[in-house]
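Dear colleague,

I am handing over the structure that follows, together with an account of what was found in it. Please look through the coordinates alongside the notes below.

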2 protein chains.
Amino acid sequence: MIGEHLAKLDTKTKILIHAEKLFAKQGFNSTSLREITTEAEVNLASVNYHFGSKKTLIQAVLSRYLALFMPQLIKELDQAENNLASTVNCFFNALRILDTINSDSAKNFLMLVGRGYSESQGHLRRYIQSSYAQELNQIFEHFNRVTPHLNKEALFWRLHFCLGAMVFTMSSSSALSEISESDWGASINVNHLMQKLVPFINASLATQTQINLTQGEV
Amino acid sequence: MIGEHLAKLDTKTKILIHAEKLFAKQGFNSTSLREITTEAEVNLASVNYHFGSKKTLIQAVLSRYLALFMPQLIKELDQAENNLASTVNCFFNALRILDTINSDSAKNFLMLVGRGYSESQGHLRRYIQSSYAQELNQIFEHFNRVTPHLNKEALFWRLHFCLGAMVFTMSSSSALSEISESDWGASINVNHLMQKLVPFINASLATQTQINLTQGEV
DNA sequence: ATAAATTTAAAACGCTTGTTTGAATTTATG
DNA sequence: CATAAATTCAAACAAGCGTTTTAAATTTAT
């Protein structure tokens, strides 16, 4: 409480760093506290001491990213031109600020978000959406402004699908490396993946009208 | 070995059905054999008796879907018109045949595929890609034929991103229901999601050229 | 320098995991 | 009907889990 200096924060931070890495790689439930503390070279009990519980640790890991990412994104959006490409760029630029934590942080962040949506951790998504309700709304409105050809519901779905493409791409990055290397001899890293994603997402949101359903009941 | 009739297969099938459901809902690692056998109302040891191990059970669950889905997809592709919309429709039609197993099977199947890519279960993806190498190639070539505006690498990426959109959408369907209901008062089911996905995927693959990167290094 | 507060450390807690075992039971065959 | 094979069952296994406890060590404040 009183002495908030280096030595104290170190253990806490070490835990966060390695928890982040392992959560993204293996998921929340498949990563044990012992795995985290062993890699972080800290005592097992210090997790419960510093964070209370595993659940709280999970939220803390995500908070660490969001606290960096969200303000940065808002800042970039404020300075951005009022067109789609610039807006999409803001998003990827803001992702890149996470690299100050460590390399691959952008990937890990997206994977965590994805796991927050899909793993039976509904509380995580609700936590994000309530903690950053205002920012999320601001972001959505910004996209809404630069996509006048889409109504709000259409935009919502396209953003969701784009998020899926991003999350899945980052989640399967190791698989993609394997495939790509055997198919084209080209190795792949996070930057390569983002380079592929940016134009895809731009195109996905830019498309004016979508082909109508051609079948009766789906 | 000898009596391959109803009673014998029943336990095996009961396990498969409930394992499928729980794996899709919670992931492989987060689902215990005890959870499966309790829901299936069979003895715990029968999993190892019939399938050998949990790992083999996971493969068996996916095999069950693939054995239905793949031939159906190939069949539909053979009969389809040589254009993109028809090809995409084949995919969703083939998904729909899984509903003969039980409702929501299409969703569970896609979620399982997604988990096979992202969960540290690389063996699952390799299993799919080696067991269905010929079919996968055939499918890719069919898409390649109806998207002459895309080279093979571009097509690979777009298909991957579309798969991500699908997988993520199905994985987050419960979250989507929650959001959608509070935002538009509209409830959502798998069919609704597919209706949203079809035009998105059509548009994603149809787009001729993609916007070029506007920044230096990503 | 001493007392208080904080942080580490090791051990144990009860619980759940996948898997194995050996006997009981059901099923199929001669 | 008896015999053999196939299946089910309850019980136990070792190993791993999150968490708690107890005590020692270290840092901070008086």
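In what order do the elements of chain A run from the N terminus on? They run α-α-α-α-α-α-α-α-α-α-α, and chain A accordingly holds 11 helices and 0 strands, where helices (H or I, at least four residues) and strands (E, at least two) are DSSP runs, numbered from the N terminus. Before going further, please note that this is a predicted model, in which local features need pLDDT of at least 70 and side-chain atom pairs count only at pLDDT 80 or more, while totals for chains, interfaces and linings use all residues. Residues are numbered from 1 along each chain as its sequence is written, chains are lettered from A and ligands numbered from 1 in the order in which they are written, and side-chain values use heavy atoms, with hydrogens and water left out.

Taken along the principal axes, the C-alpha atoms of chain A fill a box of roughly 60 × 45 × 35 Å. Of the 218 residues in chain A, 51% are buried, with buried meaning under 20% relative accessible area, exposed over 50%, and partly exposed in between (1.4 Å probe, protein chains only). Among contacts in chain A (heavy atoms within 4.5 Å) between residues at least 6 apart in sequence, 70% join residues at least 24 apart.

The contact between the two chains takes 54 residues from chain A and 54 residues from chain B. The area buried between them, that is, the accessible area (1.4 Å probe) that two parts lose on being put together, summed over both, is about 5300 Å², and carbon and sulfur atoms give 66% of that area. Between chain A and chain B, 10 residue pairs are in polar contact, both residues being at pLDDT 80 or more; a polar contact is a pair of N or O atoms within 3.5 Å, where within protein one must be able to donate a hydrogen and the other to accept it, and residues adjacent in sequence count only if both atoms are side-chain atoms. On the side of chain A that touches chain B, helix 5 (84-97), helix 6 (105-118), helix 7 (122-131), helix 9 (152-171), helix 10 (173-184) and helix 11 (190-206) each supply at least two residues, and helix 9 gives the largest share, 14 residues.

A:Arg125, A:Arg126 and B:Glu178 are linked in a network of salt bridges: the closest N and O atoms are 2.8 Å apart for A:Arg125 with B:Glu178, and the N to O distance is 3.1 Å for A:Arg126 with B:Glu178. A:Arg126 is partly exposed at 42% relative accessible area, as is B:Glu178 at 37%. A:Glu153 also forms a salt bridge with B:Lys196, at 3.3 Å, and this pair joins two chains because A:Glu153 lies in helix 9 of chain A and B:Lys196 in helix 11 (residues 190-206) of chain B.

Finally, the whole structure has 0 disulfides, a disulfide being a pair of cysteine sulfur atoms within 2.5 Å.

With best regards

How values were computed
Salt bridge = Lys/Arg side-chain N within 4 Å of Asp/Glu carboxyl O.
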